[in-house]
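Good morning, and thank you for joining this group meeting. I would ask you to look at the structure with me for a few minutes while I describe some of its contacts.

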Amino acid sequence: DSRIEDFLSIAQSKLGCPYVWGAKGPGSFDCSGFVYYCLNRAGVNQGYMTSEAWSQSAKYRKITRTGDLKRGDILVFRGHVAIYMGNGRMIDASSGRGEVVTRSGIWSSSYWKSHFVCGFRIF
């Protein structure tokens, strides 16, 4: 789906942008602001939502098993949201690293596995 690829290229264009709590782009982001910014730039009319609000959303199809996630899905963790890039990779605004980063092997990480709440299929 070209919309998924557009969405992911918008996200990747922000790699290295600084993490700033409460920031919604275009030059700095927190994790929720990053997802919000990328979705809206990709043409999805979506308000700013924290991980808590995402976890309770009924607007999109909810994915509960990590094996069912697809490229472009929104990942919801306890206290964090990210964008799934497929093959155990995600892109997110990381408070710990202080910038937008990509991470690999998230499903082999006990931290991400144990904090995973759900995913959402947007496209």
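**Aromatic rings and a pair of helices**

I begin with F120, whose relative accessible area is 0%, so this residue is buried. Please keep in mind throughout that we are looking at a predicted model.

Which ring is paired with that of F120? It is the ring of W54. A pair of aromatic rings is described by two quantities, the distance of the centres and the angle of the planes. For W54 and F120 the centres are 5.7 Å apart and the planes stand at 45 degrees, so we call the pair tilted. W54 belongs to helix α3, residues 51–55, whereas F120 belongs to strand β6, residues 116–121. The pair therefore ties together parts that lie 66 residues apart in sequence. W54 also counts as buried, because its relative accessibility is 1%, and the cut-off for that word is under 20%.

The model contains 12 aromatic pairs in total. Another of them joins W54 to Y60, and this pair is stacked, with 5.9 Å from centre to centre and 25 degrees between the planes. Both W54 and Y60 are buried. Elsewhere, one aromatic cluster is formed by F77, Y84, W107, Y111, W112 and F116.

I now turn to the helices. Two packed helices are described by the angle between their axes and by the distance between the axes. Helix α1 covers residues 2–12, and its axis comes within 9 Å of the axis of α2, with a crossing angle of roughly 135 degrees.

Is S32 buried or exposed? Its relative accessible area is 6%, so S32 is buried. Leaving aside residues up to four places away in sequence, S32 touches Y48, M49, T50, S51 and V81.

Thank you for your attention.

Conventions
Residues are numbered from 1 along each chain as its sequence is written. This is a predicted model: local features need pLDDT of at least 70, side-chain atom pairs count only at pLDDT 80 or more; totals for chains, interfaces and linings use all residues. Side-chain values use heavy atoms; hydrogens and water are left out. Buried means under 20% relative accessible area, exposed over 50%, partly exposed in between (1.4 Å probe, protein chains only). Contact means heavy atoms within 4.5 Å. Axes are lines fitted to C-alpha atoms, for helices over the stretch in contact, and angles run from 0 to 180 degrees between N-to-C directions. Helices (H or I, at least four residues) and strands (E, at least two) are DSSP runs, numbered from the N terminus. Rings of Phe, Tyr and Trp (its six-membered ring) pair if their centres lie within 6.5 Å; planes under 30 degrees apart count as stacked, over 60 as edge-to-face and the rest as tilted.
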